[in-house]
Amino acid sequence: MTAGTATETFLDLELPDHTGRTRALSEIANGDPVALFFSRGWWCPKEQRHLRGLVSIQDEFEVAYSKLVVVSVDPPEVQAAFRAGLGARFLFLSDAERLYLDELGLRETTDTVHNPYRPAAFTLYPDLRIHAAYNGYWFWGRPTLEEIRQDMRAISMAIRDDWELG
Amino acid sequence: MKREGSTLVLKGGLRVRTDPRCIRGEPVFGLWAHVCAATDRSDVLPYDHPEIQQVRREALAWWIPLLGDSLVCLTTLALDSVNYAGAITAARDPSLFGEDPFARIFPGTAIPTDLFCAVPPPAGPVVERYSGVAWPGGRF
């Protein structure tokens, strides 16, 4: 899979979360839409700005039966500190061992020191089919909060049987 | 506290529903439960009250990370489809129970227990309930 494809089912990642517990993406979804973000790491100013934006939308996710997940190469204890500093209440997954960088085609080639993920975002159906994919290498390539809302609406419309008013 | 089918009967007789996963699987022995529960039906509060929403946010933000590997499961206690009657945190070590944010709603009591099962903590950020199931249980 590569970041640009939007017709496949996303890999069911299994990674430790910010508390060190192993989590599967399908278990996290648990019947809900997922907004999945790949992030370089805590040190990057672009990531700090982007994640502050995600924190600002978490109040909507918390009442909208939708999941929000961030993957980075930071170890769990670093993610836990970063998450607390941001005020985030969503899940961080740690790929400190770079297990999925190449399989996902998301290795950031311009940073050979940290070997992080290239910023990318995917909005997923509960069965992990990809609704939309975003390449966030350039900051403006990332989904805006409004695009995230629209994607969550489109997925919810498709999966919630009682969506229609009539 | 004892289990009766899909409900718990608390000391004092209040019958409540938990996240079903917490009491339906293979129990983990030798745990401690921090029971922060109403003692009477007249004390319960709606899940939709701001303080009951906020305590779930705090569980996601820092209570679960603070407990780390000690946490075995966490459930709120539903009196019915609307009302919150408390919460139980089951852990291997009771030493952090003094920090429990749920104790701000109803005071907590630590008791040894063999009733509870290991359940992955909620992923967040969802704090709403699924069809009236005690948070964080249920799904659509």
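This is a predicted model: local features need pLDDT of at least 70, side-chain atom pairs count only at pLDDT 80 or more; totals for chains, interfaces and linings use all residues.
View 1. The strands concerned, β3 (residues 34-38) of chain A and β6(A), run antiparallel and are joined by five bridges.

**View 2. Helix α4 of chain A on the sheet.** Helix α4, which spans residues 145-159 of chain A, packs on the sheet and touches β3, β6 and β7 of chain A. The direction of this helix makes about 165° with that of β7(A).

**View 3. The hairpin of β6(A) and β7(A).** Strand β6 (residues 120-124) and strand β7 (residues 130-135), both of chain A, pair in the antiparallel sense over five bridges, and within this pairing A:Thr123 has A:Ala132 of β7(A) as its bridge partner. Five residues lie between the two strands of the hairpin, in which A:Leu128 takes a positive phi near 75°.

**View 4. The open sheet of chain A.** Five strands of chain A form an open sheet with mixed pairing, in the order β5-β4-β3-β6-β7. Because β5 (91-94) and β7 of chain A stand at the edges and each has a single partner strand, one side of each is left without a neighbour in the sheet. From one strand to the next, the twist averages 20°.

**View 5. The contact between chain A and chain B.** In this interface, 16 residues of chain B are in contact with 20 residues of chain A. On the side of chain B that touches chain A, the residues divide into eleven nonpolar, two polar and three charged.

Terms used. Residues are numbered from 1 along each chain as its sequence is written. Chains are lettered from A and ligands numbered from 1 in the order in which they are written. Two strands pair if DSSP finds at least two bridges between them. Helices (H or I, at least four residues) and strands (E, at least two) are DSSP runs, numbered from the N terminus. Axes are lines fitted to C-alpha atoms, for helices over the stretch in contact, and angles run from 0 to 180 degrees between N-to-C directions. Two residues are in contact if their C-beta atoms, placed from the backbone, lie within 7 Å. Ala, Val, Leu, Ile, Met, Phe, Trp, Tyr, Cys and Pro count as nonpolar, Asp, Glu, Lys and Arg as charged, and the others, Gly among them, as polar.
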